[in-house]
Amino acid sequence: MPHVGRGGNTMRCPNCGCLESRVIDSRQNIDGNNIRRRRECLNCQKRFTTFEVIESVQLVVIKKNGSRELFDRSKLLAGLLKACEKRPVNAEHIAAEIESELQNSLRQEIPSGDIGEMVMRRLKAEDAVAYVRFASVYREFKDIETFIRELNDIKRDPGDSASGQKDTQ
């Protein structure tokens with residue numbers, strides 16, 4: 001039986017303003033982020049389309065100096081693209097995963113350090129070279145000894161492969 005909107009789940013007909021309609025057809029878009037619904041007004045029988053969209057939380061990043069700014073996916077992606085240059089790593093996918101995790105956390109404010117650590121975890125699991133590139137900037141390596149120490153830590157970690165790429169076995 002078609003759903004009839006009543007109470008808190010109503011959609012006003014754009015033709016007559018009636019709050020009662022029935023859903024004729026529902027289709028989810030390809031990425032699953034919204035639903036298109038064809039509705040028919042029970043008063044005037046006119047049909048109209050509505051879209052149901054996931055509401056995203058406005059994320060605020062707390063910078064190291066204490067200032068705050070809105071989360072900008074393009075900044076995250078730019079850092080990932082530099083670290084992953086000429087590496088078999090999908091930076092777009094990692095950025096999307098991190099953004100999704102941040103949205104799902106329901107936190108409105110997040111320290112930039114937390115985002116950096118999320119990137120580090122993913123890159124370490126994905127590609128050691130991209131990880132070290134990102135870490136050298138993120139952790140502000142001051143000298144070659146710090147760089148070598150990080151490389152030795154990666155070599156000792158049995159979860160990462162020696163070739164610099166994620167194990168596929």
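Q: Which element gives the most to the lining of the largest pocket?
A: That's α1, with seven residues. Keep in mind that this is a predicted model.

Q: Fine. What is the volume of that pocket, and how many residues line it?
A: The volume comes out at about 650 Å³, and 21 residues form the lining.

Q: And which of them lie nearest the centre?
A: Lys63, Lys75, Ser112, Phe134 and Tyr138.

Q: Back up a bit. How many helices and strands does the chain have?
A: Five helices and six strands. Going along the sequence, the order is β-β-β-β-β-α-α-β-α-α-α.

Q: What share of the chain is buried?
A: Buried residues account for 28% of the 169 residues. On contacts, taking pairs at least 6 apart in sequence, 38% join residues at least 24 apart.

Q: Is Phe134 buried or exposed?
A: Buried, since its relative accessibility is 15% and the cut-off for buried is under 20%.

Q: What about Phe141 and Phe147, how are their rings arranged?
A: Edge-to-face, because the planes are at 85 degrees, with the ring centres 5.8 Å apart.

Q: And are those two buried or exposed?
A: Phe141 is buried, at 18% relative accessible area. Phe147 is partly exposed, at 29%.

Q: Which residue lies over the face of Tyr138?
A: Lys64, at 6.0 Å from the ring centre. Lys64 also turns up as a contact of Glu140, along with Ala135, once neighbours within four places in sequence are left aside.

Q: Where's Glu140, then?
A: In the loop between α4 and α5 (144-156). Glu140 counts as partly exposed, with 43% relative accessibility.

Q: Switching to α3. What span does that helix reach, and what would you expect?
A: α3 covers residues 112-126, which is 15 residues, and runs 21 Å from its first C-alpha to its last. That is close to the 21 Å expected at 1.5 Å a residue.

Q: Which residues of α3 are buried?
A: Ile115, Gly116, Met118, Val119, Met120, Arg122 and Leu123.

Q: What covers them?
A: The cover includes β4 (60-62), α1 (73-83), α2 (91-104), β6 (109-111) and α4.

Q: What is Arg38 in contact with?
A: Setting aside neighbours within four places in sequence, Arg38 contacts Arg22, Val23, Ile24, Asp25, Arg47, Phe48 and Thr49.

Q: And how many residues separate Arg38 from Phe51?
A: They are 13 residues apart in sequence, and their C-alpha atoms are 8.9 Å apart in space.

Q: Now the backbone. What's the phi of Lys86?
A: Positive, about 60 degrees, although Lys86 is not a glycine. Most residues other than glycine have a negative phi.

Q: Where is Lys86, and is it buried or exposed?
A: Lys86 is in the loop between α1 and α2. It's exposed, with a relative accessible area of 78%.

Q: What about the phi of Leu106?
A: Leu106 also has a positive phi, about 65 degrees, and isn't a glycine. Leu106 lies in the loop between α2 and β6.

Q: Leu106 is a leucine, so why call it exposed?
A: Because its relative accessible area is 65%, and exposed means over 50%.

Methods
Residues are numbered from 1 along each chain as its sequence is written. This is a predicted model: local features need pLDDT of at least 70, side-chain atom pairs count only at pLDDT 80 or more; totals for chains, interfaces and linings use all residues. Side-chain values use heavy atoms; hydrogens and water are left out. Buried means under 20% relative accessible area, exposed over 50%, partly exposed in between (1.4 Å probe, protein chains only). Rings of Phe, Tyr and Trp (its six-membered ring) pair if their centres lie within 6.5 Å; planes under 30 degrees apart count as stacked, over 60 as edge-to-face and the rest as tilted. A charge sits over a ring if NZ of Lys or CZ of Arg is within 6 Å of the ring centre and within 35 degrees of the ring normal. Helices (H or I, at least four residues) and strands (E, at least two) are DSSP runs, numbered from the N terminus. The expected span of a helix is 1.5 Å times one less than its number of residues. Contact means heavy atoms within 4.5 Å. On a 1 Å grid over the protein atoms alone, a cavity is a set of points where a 1.4 Å probe fits but cannot get out, and a pocket is an open set with protein on both sides within 12 Å along at least five of seven lines; lining residues have an atom within 4 Å of a point. Grid points are joined across faces, edges and corners, and a volume is the space filled by probe spheres set on the points.
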